[in-house]
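The tour goes from one selection to the next.

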Amino acid sequence: MLTKNKDLLKIKEQALEKNIPIIMDDTLEVVDKILTEIKPKRILEIGTAVGYSAICFSEYLESDGKIDTIERDKERIIEAKTNIEKMGLSDKINIYEGDAVEILPTLNEKYDVVFIDAAKGKYPFFLKEALRMIKPSGIILADNILYKGYVMSDYNKHKQRTAVRNLREYVKEVTENPNIDTEILEVGDGLAVSKILSK
Ligand code: SAH
Ligand code: MG
């Protein structure tokens with residue numbers, strides 16, 4: 001298993017030391033199970049950070065599968081590229097450099113899985129773009145969906161207000177849409193698992 005790989009453990013440790021919010025272990029366990037079942041050919045990730053989650057997910061790709069991942073922070077892009085190269089995954093993981101709000105509308109691929117893990121205030125927009133590109137029967141995952149418990153509480157104050165409002169809007173959309181089957185899991189900081197029902 002890749003998670004026991006020494007180089008990957010080092011990437012994880014270094015990210016945690018720098019307080020980079022990489023996917024939590026229990027969330028990763030759930031995603032691993034989903035990916036094992038789907039065996040995806042194409043994954044889209046929004047929010048690369050230093051490449052940790054993309055590297056973890058790559059293990060579950062079909063043999064000719066690929067991951068596209070989007071990141072806007074220049075320093076993190078450089079680190080992600082170094083990490084991906086070190087793991088020998090440069091031909092499997094492609095980084096789109098820039099703001100996902102600008103990049104997503106330019107993409108026209110079809111994906112088996114979309115992993116949303118970037119600016120919380122943009123989750124409804126990311127969902128709209130994910131729905132445009134997800135394959136029938138595909139899965140859209142949204143990390144940090146419970147945001148420290150704020151999303152499901154009556155918390156309405158402070159500077160995280162916009163993020164919380166948008167996360168709530170995301171949850172409302174995926175739970176009320178009859179073409180989507182959603183589970184909100186209390187792993188890590190919350191994970192929304194939305195299966196697209198093929199019509
Ligand atoms: N998926 C990573 C962690 C991502 S952390 C992992 O689990 O290993 C979230 C990242 O999203 C940060 O690096 C941040 O710079 C990036 N981000 C936030 N908003 C973004 C946007 N609008 N466009 C591109 N990247 C964004
Ligand atoms: Mg996250």
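Select ligand 1 and the backbone of R72. In this predicted model, a polar backbone atom of R72 sits 3.3 Å from a nitrogen atom of ligand 1. Move on to S53. Here the contact comes from the side chain: one of its polar atoms is 2.9 Å from a nitrogen atom of ligand 1. Next, pick I23. A backbone N or O atom of I23 lies 2.8 Å from an oxygen atom of the ligand.

Now show the surface. On its own, ligand 1 has 580 Å² of accessible area, and the protein covers 93% of that. The space that ligand 1 takes is the largest pocket.

How many residues surround ligand 1? There are 19, and the closest are I23, G47, E71, R76 and A100. Color the shell by class. Eight residues are nonpolar, four are polar and seven are charged.

Finally, switch to cartoon. D117 is in the loop between β4 (111-116) and α6 (123-133), while D143 belongs to strand β5 (residues 134-143), so this pair ties together parts 26 residues apart in sequence.

How values were computed:
Residues are numbered from 1 along each chain as its sequence is written. Chains are lettered from A and ligands numbered from 1 in the order in which they are written. This is a predicted model: local features need pLDDT of at least 70, side-chain atom pairs count only at pLDDT 80 or more; totals for chains, interfaces and linings use all residues. Side-chain values use heavy atoms; hydrogens and water are left out. A residue is near a molecule or strand if one of its heavy atoms lies within 4 Å of it. A polar contact is a pair of N or O atoms within 3.5 Å; within protein, one must be able to donate a hydrogen and the other to accept it, and residues adjacent in sequence count only if both atoms are side-chain atoms. Accessible areas come from the Shrake-Rupley method with a 1.4 Å probe; for residues, only the protein chains shown count as cover. On a 1 Å grid over the protein atoms alone, a cavity is a set of points where a 1.4 Å probe fits but cannot get out, and a pocket is an open set with protein on both sides within 12 Å along at least five of seven lines; lining residues have an atom within 4 Å of a point. A molecule sits in a cavity or pocket if more than half of its atoms lie within 2 Å of its grid points. Ala, Val, Leu, Ile, Met, Phe, Trp, Tyr, Cys and Pro count as nonpolar, Asp, Glu, Lys and Arg as charged, and the others, Gly among them, as polar. Helices (H or I, at least four residues) and strands (E, at least two) are DSSP runs, numbered from the N terminus.
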